[in-house]
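Please review the structure shown here together with the briefing below it.

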Amino acid sequence: MATYKPRNILITGAAGFIGCHVANRLVRNYPDYKIVVLDKLDYCSNLKNLNPSKSSPNFKFVAGDIGSADLVNYLLFTESIDTIMHFAAQTHVDISFGNSFEFTKNNIYGTHVLLEACKVTGQIRRFIHVSTDEVYGETEEDAVVGNHEASQLLPSNPYSATKAGAEMLVMAYGRSYGLPVITTRGNNVYGPNQFPEKLIPKFILLAMRGKALPIHGDGSHVRSYLYCEDVAEAFEVILHKGEVGHVYNIGTKKERRVIDVAKDVCKLVSMDPETSIEFVENRPFNDQRYFLDDQKLKNLGWSEQILWEDGLKKTMDWYTKHPDWWGDVSGALLPHPRMLMMPGGRNADSEEPNGTTTPVKGPKLPNSSSNL
Ligand SMILES: NC(=O)c1ccc[n+]([C@@H]2O[C@H](COP(=O)([O-])OP(=O)(O)OC[C@H]3O[C@@H](n4cnc5c(N)ncnc54)[C@H](O)[C@@H]3O)[C@@H](O)[C@H]2O)c1
């Protein structure tokens with residue numbers, strides 16, 4: 001198997017969660033690669049996520065939007081970019097039930113701008129597009145075989161629909177213009193540096209504050225979680241060994257119910273799950289399960305290394321050491337953050353002045369006016 005050797009990599013969205021682990025890893029492991037991060041520093045990002053790389057000579061950060069064709073063209077030319085790893089996106093399913101036009105704008109239009117810049121500059125040797133398991137839609141509860149890379153895409157929420165839409169454009173630019181594209185579809189990721197609107201850091205921060213952990217619906221929904229370092233390694237493998245034109249699932253066979261995740265977090269802080277978990281209104285639609293066939297990536301030599309118990313403990317330790325990484329995140333800790341909001345900002349759902357969480361009475365959708 002031939003190994004690809006990039007020179008100058010543009011990583012979009014790497015002031016966010018997964019991208020920062022990938023960027024920091026590549027900067028550390030490959031001093032001969034230049035890593036340029038482009039991120040618009042949205043509410044969920046944090047420049048400190050890139051602290052391990054900031055003084056490295058092979059690292060550069062640019063604040064900006066992937067939707068700006070001028071900026072993207074300029075960067076590709078001036079930095080002689082030959083490889084793109086595209087993580088930037090609006091990523092929170094719950095928020096996509098509110099202002100989903102932002103998801104179309106960033107996830108589909110933003111990806112389109114990047115692809116067009118690749119076409120115009122004609123210098124890209126790899127475009128790694130980061131997609132999600134959610135594009136397959138939900139897996140039957142009793143299915144024993146996971147979705148493989150050729151399975152049909154049946155997204156069921158606005159977030160996953162925009163991720164599937166972006167994938168279609170990536171595929172089309174591969175076919176029409178011969179752009180060397182690779183797509184990944186990953187299970188849920190957890191670990192340090194994840195903005196606490198997502199389930200695991202939200203539970204951890206609430207537990208650290210002695211507050212109840214809100215569960216959407218009855219907690220029977222099943223998710224598969226990979227630790228961020230395992231996922232960063234998967235991207236390192238795909239970058240070097242992935243085949244152009246292929247899709248790779250980044251998955252784990254280990255699944256757990258949301259209620260069990262909450263119980264495991266309670267256990268770590270010695271809280272009684274019986275009194276510390278509260279059941280709140282479910283999402284408008286909540287996929288029961290995402291189950292992936294992960295064999296194709298394993299064939300490239302990757303395998304999951306970090307056990308759930310160890311990963312959760314490391315994650316808890318990190319949040320304990322860095323309780324204020326994003327400042328005031330009380331708005332993100334609500335059971336259903338629906339608006340694109342600044343940490344601590346008000347949103348459409350019930351919110352008490354002191355930021356405590358309460359079960360919501362019913363879904364109240366915000367005005368979805370577009371600024372497309
Ligand atoms: N987190 C998961 O469990 C998971 C699982 C599978 C796939 N994914 C995919 O992985 C990617 C990264 O996810 P994450 O959890 O790290 O997300 P995140 O929300 O933590 O970070 C996203 C980053 O993208 C940036 N961004 C958003 N729109 C931008 C734009 N228009 N221009 C420039 N920067 C922009 C944000 O500022 C932020 O830093 C996403 O594409 C997501 O769909 C995530």
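The briefing that follows is grouped by topic.

This is a predicted model, in which local features need pLDDT of at least 70 and side-chain atom pairs count only at pLDDT 80 or more, while totals for chains, interfaces and linings use all residues. Residues are numbered from 1 along each chain as its sequence is written.

**Ligand shell**
- Of the 30 residues around the ligand, G13, G16, F17, D42 and S45 come nearest; a residue is near a molecule if its C-beta atom, placed from the backbone, lies within 6 Å of it.
- Two or more shell residues are given by each of helix 1 (17-29), strand 2 (34-39), helix 4 (101-121), strand 5 (126-132) and strand 7 (188-190); helices (H or I, at least four residues) and strands (E, at least two) are DSSP runs, numbered from the N terminus.
- Helix 1 supplies the largest share of this shell, with 3 residues.
- By class, the shell holds 13 nonpolar, 12 polar and 5 charged residues; Ala, Val, Leu, Ile, Met, Phe, Trp, Tyr, Cys and Pro count as nonpolar, Asp, Glu, Lys and Arg as charged, and the others, Gly among them, as polar.

- Strand 2 is largely enclosed by the rest of the structure because 6 of its 6 residues are buried (20 or more other C-beta atoms within 10 Å of the residue's own, with C-beta atoms placed from the backbone).
- K34, V36 and L38 cover one side and I35, V37 and D39 the other, and all are buried.
- Strand 1 (residues 8-12) pairs with strand 2 in the parallel sense over 5 bridges, where pairing requires that DSSP finds at least two bridges between the strands.
- L10 stands opposite V36 in strand 2.
- Strand 2 also pairs in the parallel sense with strand 3 (residues 59-63), over 5 bridges, and I35 stands opposite F59 in strand 3.

**Strands 7, 9 and 11**
- Strand 7 runs parallel to strand 9 (residues 222-227), joined by 3 bridges, and Y190 stands opposite Y227 in strand 9.
- Strand 9 and strand 11 (residues 255-257) run antiparallel, with 3 bridges; R256 in strand 11 is the bridge partner of R223.

**Nonpolar cores**
- The largest nonpolar core has 85 residues, and I11, A23 and F203 have the most contacts inside it; such a core is a set of buried Ala, Val, Leu, Ile, Met, Phe, Trp, Tyr and Cys residues joined through C-beta atoms within 7 Å.
- Another core, of 7 residues, lies apart from the largest one and includes Y136, A161, Y290 and F291.

Key
A residue is buried if 20 or more other C-beta atoms lie within 10 Å of its own, exposed if 12 or fewer, and partly exposed in between; C-beta atoms are placed from the backbone.
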